[in-house]
Protein chains: 2
Amino acid sequence: MRNLLEIQKQLLPDLMETLKRRYTILHQIMLSDIIGRRTLAASMDMTERVLRAETDLLKSQGLIEIESVGMRISDAGRRLLDLLEPIAKSLFGLDDLEEKIRTTYNLSKVIVVPGDCETSPFTKRELGRAGARALLGALKGSDTVAVTGGTTLAEVADQLTPPLSLSYKNAWFVPARGGLGESMEIQANTIASTMAKRIGANYRLLHVPDLLSEDAYQSLAMDANIGEIVQIIRKSRIIVHGIGDAMEMTRRRRLDEATIADIQGEGAVAESFGYYFNEEGQVVHTMLTMGLRLEDIIRTEVVIGIAGGKRKAKAIHAMLRFGQEDILVIDESAAVEIGKEIDMQLQQVL
Amino acid sequence: MRNLLEIQKQLLPDLMETLKRRYTILHQIMLSDIIGRRTLAASMDMTERVLRAETDLLKSQGLIEIESVGMRISDAGRRLLDLLEPIAKSLFGLDDLEEKIRTTYNLSKVIVVPGDCETSPFTKRELGRAGARALLGALKGSDTVAVTGGTTLAEVADQLTPPLSLSYKNAWFVPARGGLGESMEIQANTIASTMAKRIGANYRLLHVPDLLSEDAYQSLAMDANIGEIVQIIRKSRIIVHGIGDAMEMTRRRRLDEATIADIQGEGAVAESFGYYFNEEGQVVHTMLTMGLRLEDIIRTEVVIGIAGGKRKAKAIHAMLRFGQEDILVIDESAAVEIGKEIDMQLQQVL
DNA sequence: TGTTCGTGGTCTTAAAATGTCCCGGGTTAA
DNA sequence: TTAACCCGGGACATTTTAAGACCACGAACA
């Protein structure tokens, strides 16, 4: 595959450029559901006229449909994009990055989506799509999947679409842990139920308030209903989790000053599943809530970590050092940063 | 390998052409050992200047060497040609096939779409698109177009989109013949009206039941309204028709056993416009219904035949022998079969 | 030694690509 | 229901690129 492109590059030196451009346009249209020419031109940093030339071509090839409300991707275009995905990776040089990270941390799969989540909402969406695909790739008919909260996971849930053939009637979605003080849409409970509904699976919720006192924790642990769902959670075969910057999470969860200082003092840089990790990937702080424990995570078959953005690179790196990830889905900006850190490590070794 | 090329054809239709051109030039230079610009330009039917642009590029890519005695291929160029050989086959494969069929049966145009209708619905769609394009290419502002029924023609109707500039306000679509006992969506009447609506043209329908008795036929022929529309049909400048396998059509039309045996006995392999043709392209059976007659077809300016699938190759071939087609739109699998038959004929002649 | 055929340069012209604006129509938010 | 907004498509001036036409000069060859 790669081969043919290399061959063609010799006869068509500008092939790659054109291919990239058209792919990006088509891709952007796909992500936008429906979008107008001017808006798209602005977001892609092209003048209106040249974009128009391209979209006219895409239309004549039947890859997009142009209506009075804007342009949308056609079925054929969608198929083409799917086929093009791996090629695009090598076009944008992301496959090298994927491989580097994969081998360094011994993961089974690394997926890097082009772009930067922090600057482009489309990249976030794309990250969600990639995460959703990764999940479906790992999901068998009767698995239990534990999911965490967060905006990224919410995006994954939104982008989850079932393949036509398989049925997930016997699959279960559960939140990985109890409430951790975030808004409704990005609660693990909400996300678990959304995902389950979207692919026709089942879900169980864990209704535990956040910021439990020790006493409350103990009494809830005795509750039969809660105990049952916690058992289900702890036996999940798949975990899908976001990765957060430690300090940002403390703020988002409105922890009290003392706790924040505490966590910061211990050098926490990353947060996931309610645990805080330092740069070396060691757990330095635990939030008291019910659900998955560290030992469960360690024995879980498939751990899928999803995150994006340059600011999260350090946190993602910490989770990689923690060493429990199997599949990592990140964006290009984070991947580039991680790639740099890997290079620095190698230099230190030499 | 094949795959990527097909993808590129969709996204980079313009580049594929230049790829072909450059390949041919390089190939020619290789065959010529050493050759001058003017000589080469003449042999390739290009002006000197455009050839020069190409050879300059080939030189800058290090694929040829230019000396004062002329141009010769470089080692890198030779290697590239070797690598490109199998790709070139598929790049040109269809073109060669088109040309072979075109010249053998003296058609004005042959279009072969890649793939196989029988295995891929996308190919069927592509066949429809190609058929629609062929029709629009032949259609002038105030033509009358007669269309037959069938799933392929229905696909053509679906894929018909008007070019932005032209108006077909004065064009007419009519069914080629009366009802021939098929389901609503693939009736000639339905297709004629769909096509007309899609490009803003007019249509007239021919409401004649199928399986007419001789008496009924005679009395309908007297009807003024029917007579009028029949007159319009018979004066069509363009005919767009599908081509069917004879036996399959008898089944689809639920003919009675006696008739089927009759048709089979006469060696019918193809069906179109309600006529059945044997392998030599001779009419062996006629369905009694109103509309286009054979003599009309013969004098029609543009006859566009559209069909696809390996199983229909024999039928298509019979229609080619019938000798009234001007434009043929088929899929690759049928084209390959027809190509084989042409080769066999040639061998018999030798 | 003159002729022929080659490349490479240049100038003009034709054509294509591009930047920019505007219009009428449809959608959406108020 | 209305007004604002954004859409696609048309138009057009302008820039950029491709193409055509010639010519100069050098190497090979007869």
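## Terms and model

A residue is called buried when its relative accessible area is under 20%, exposed when the value is over 50%, and partly exposed in between, as judged with a 1.4 Å probe on the protein chains only. This is a predicted model, in which local features need pLDDT of at least 70 and side-chain atom pairs count only at pLDDT 80 or more, whereas totals for chains, interfaces and linings use all residues. Residues are numbered from 1 along each chain as its sequence is written, chains are lettered from A and ligands numbered from 1 in the order in which they are written, and side-chain values use heavy atoms, with hydrogens and water left out.

## Salt bridges

A salt bridge here is a side-chain nitrogen of Lys or Arg within 4 Å of a carboxyl oxygen of Asp or Glu, and by this rule there are 41 of them over all chains. One of them pairs Arg299(A) with Asp296(A), with the closest N and O atoms 2.9 Å apart. Asp296(A) counts as buried because its relative accessibility is 0%, whereas Arg299(A), at 53%, counts as exposed.

In chain B, Asp143(B) and Arg237(B) form a salt bridge whose closest N and O atoms are 2.7 Å apart. Asp143(B) lies in the loop between α6 (121–138) and β4 (144–147) of chain B and Arg237(B) in the loop between α10 (224–234) and β7 (238–242) of chain B, so the pair ties together parts that are 94 residues apart in sequence; these helices (H or I, at least four residues) and strands (E, at least two) are DSSP runs, numbered from the N terminus. Both Asp143(B) and Arg237(B) are buried.

## The surface near DNA strand C

Counting a residue as near the strand if one of its heavy atoms lies within 4 Å of it, 19 residues surround DNA strand C, and the closest are Thr47(A), Arg49(A), Arg37(B), Thr39(B) and Arg52(B). Of the atoms of DNA strand C that come within 4 Å of the protein, sugar and phosphate account for 53%.

For Arg38(B), a polar side-chain atom lies 3.2 Å from a base nitrogen of DNA strand C.

Methods: A polar contact is a pair of N or O atoms within 3.5 Å; within protein, one must be able to donate a hydrogen and the other to accept it, and residues adjacent in sequence count only if both atoms are side-chain atoms.
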